[in-house]
Each structure stands twice: as structure tokens, then as C-alpha cells.
Amino acid sequence: HIALSSAQIERNRAQRELETARKRLAATWGGMSARFQQAEGNLNAVRTVPPLIQFVPLLDHNPELGRWGIEILQQQATLDLERSNAVPDVTLSGGYRRLNSASEPDESVVVVEASVPLPLFNRNQGAIRSAQARLAKAQAERREAAVRLTTELVEAYQALSTTQAEVAMLAAQVMPGAQRVFEAVNDGYRIGKFGFLDVLDAQRTLGAARTQHLDALVAYQTAAADVERLIGT
């Protein structure tokens, strides 16, 4: 009865966690409640983990780094604009002018005038330095984000590799071994070789192995989702 009550408590807790997860998933698209029946997926889909070096270049697809890339382009464009504003606008004007002199009364000349606004030596240097500082700040923050995301990727990759190896070992060795022991003890119980407590013990061992395998699968899929989130694919 104690074991049954404990199992019911675990079952109720799992149902509450499932309902919470459904609501949290619905909230990602602005829903107040989960109107879908179930989320499709294959918990047992476990693939061989590629080397870490294949994942690192994919960090460029991360939305956060993409945001900083756009910010850097905008700041560079602002800097280019401020530099162009540093070039004085030269205004040209021209026309004809008639010279009235005693020797050449009908002589005309072409006159060209150029005007350059003052001051000549400021050349928008304050705005340029400000734009340069904003560009350098954006570049530094992108490098900082890249280092942080790389660290997160390494940690997520280690979790992915560890759980993948754990799932493989549980599926290939632990669970089959526990299953064989349970079947042998159960068969022995039928012929009087083992007692009922031996059967219960073997059954608990098999159940623990299955639970451990399930937990490892959940950990693997969670780590895989973390890696996919970081590389943006």
C-alpha cells in the first residue's frame, strides 16, 4: 500500500507538471490556455553527437549575435554619414560682368565665385568621435556576447554528449540486464526457487532502470534543444 500510494503521488505530480508545461507552451504564442490535445515528438530519437568544432561556426546564426550585427552596421552607417558631413559644402556661382573702361567699353568677362562656410577647422569632429565611440561599444558588446554564447554552447554540448552516452549505455546494458534478471527471478519463482520478495526486488530494479533511462532521454532532449537554440537552427 505504501508503494502504491507513493506511485500515485508521483503520478499526480507528473500530471500537474504536464499541465504547467502545456500552459507555458501556449504562452509562447500568447495563448491563455492550451487548446491543443498533445505535442508531437519522439522522445527516443537519439542521434550521434557531432564534434563540437562543427557547432561553433553556427553561433553566427544566433539571434542575439544577429542583432548586434545589425547594430554594428547601423553605427557604421552613422559614422560614415558624420564623416561626410565633415567635408565643407562649397557653393559655386558665376555670371557675366561687363567692364566699363575707356579703352574697352564693350568688354565682358565670366566671373566664378566660390564660398566655403566657416569654421574650416572644426569639421564635425565631435559628432565623428561620438559615432566612433558608439561603433566601438557595439563591437565590444558583440564580442562579449560571442564569448558568453560560446561558453553556453560548450556547457550545453557537454551535457548533450554526456546524456547521449548515458542513454546509449542504459539502453544497451542496464535495461536489458535488469530485464533478464527479472525474467529469471520470475521464472524461478514459478518453480519455487525464489520467493515473492525476490520477484518484487527484481521488479523494482527493472522499474528503476526504466525510470533512469526515461530521465536520461529527457535530459538528452533538453540539452539538444539548448544546443539548437544557441546555434539558431
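In which helix is Val218 found? Val218 belongs to helix 4, which covers residues 196-231. Helices here are DSSP runs of H or I with at least four residues, strands are runs of E with at least two, and both are numbered from the N terminus.

The model is predicted, so local features need pLDDT of at least 70 and side-chain atom pairs count only at pLDDT 80 or more, while totals for chains, interfaces and linings use all residues. Residues are numbered from 1 along each chain as its sequence is written, and side-chain values use heavy atoms, with hydrogens and water left out.

**Overall arrangement**

The protein contains four helices and two strands, and from the N terminus the order of these elements is α-α-β-β-α-α. Of its 233 residues, 21% count as buried. Buried means under 20% relative accessible area, exposed means over 50%, and partly exposed lies in between (1.4 Å probe, protein chains only). Among contacts with a separation of 6 or more, 72% join residues 24 or more positions apart; a contact means heavy atoms within 4.5 Å.

**The nonpolar cores**

A nonpolar core is a set of buried Ala, Val, Leu, Ile, Met, Phe, Trp, Tyr and Cys residues joined through side-chain atoms within 4.5 Å. In soluble globular proteins, nonpolar side chains tend to be buried together. The largest core has 28 residues, of which Phe55, Leu59, Leu153, Leu160, Val227 and Leu230 touch the most other members. Helix 2 (63-85), helix 3 (125-190) and helix 4 each give two or more residues to this core, and helix 3 gives the most, with twelve residues. A second, separate core of seven residues includes Phe182, Val199, Ala202 and Leu206.

Apart from neighbours within four places in sequence, Leu153 is in contact with Leu52, Phe55, Val56, Leu59, Val227, Leu230 and Ile231. Thr163 lies in helix 3 and is buried, because its relative accessible area is 9%. With the neighbours within four places again set aside, Thr163 is in contact with Ala216, Ala219, Tyr220 and Ala223.

**Helix 4**

Helix 4 has 36 residues and reaches 53 Å from its first C-alpha to its last, close to the 52 Å expected at 1.5 Å a residue. That expected span is 1.5 Å times one less than the number of residues. Gly232 follows helix 4 and has a positive phi, near 65°. Val218 counts as partly exposed because its relative accessibility is 40%.

**Salt bridges**

The whole structure holds nine salt bridges, each defined as a side-chain nitrogen of Lys or Arg within 4 Å of a carboxyl oxygen of Asp or Glu.

An α-helix has 3.6 residues a turn, so residues three or four places apart point the same way. Glu141 counts as partly exposed at 24% relative accessibility, whereas Lys137 counts as exposed at 51%. Asp187 is partly exposed, with a relative accessible area of 43%, and Arg190 is exposed, with 59%. Arg204 is exposed at 55%, while Asp201 counts as partly exposed at 43%. Elsewhere, salt bridges that share partners join Glu64, Arg148 and Glu152 into one network.
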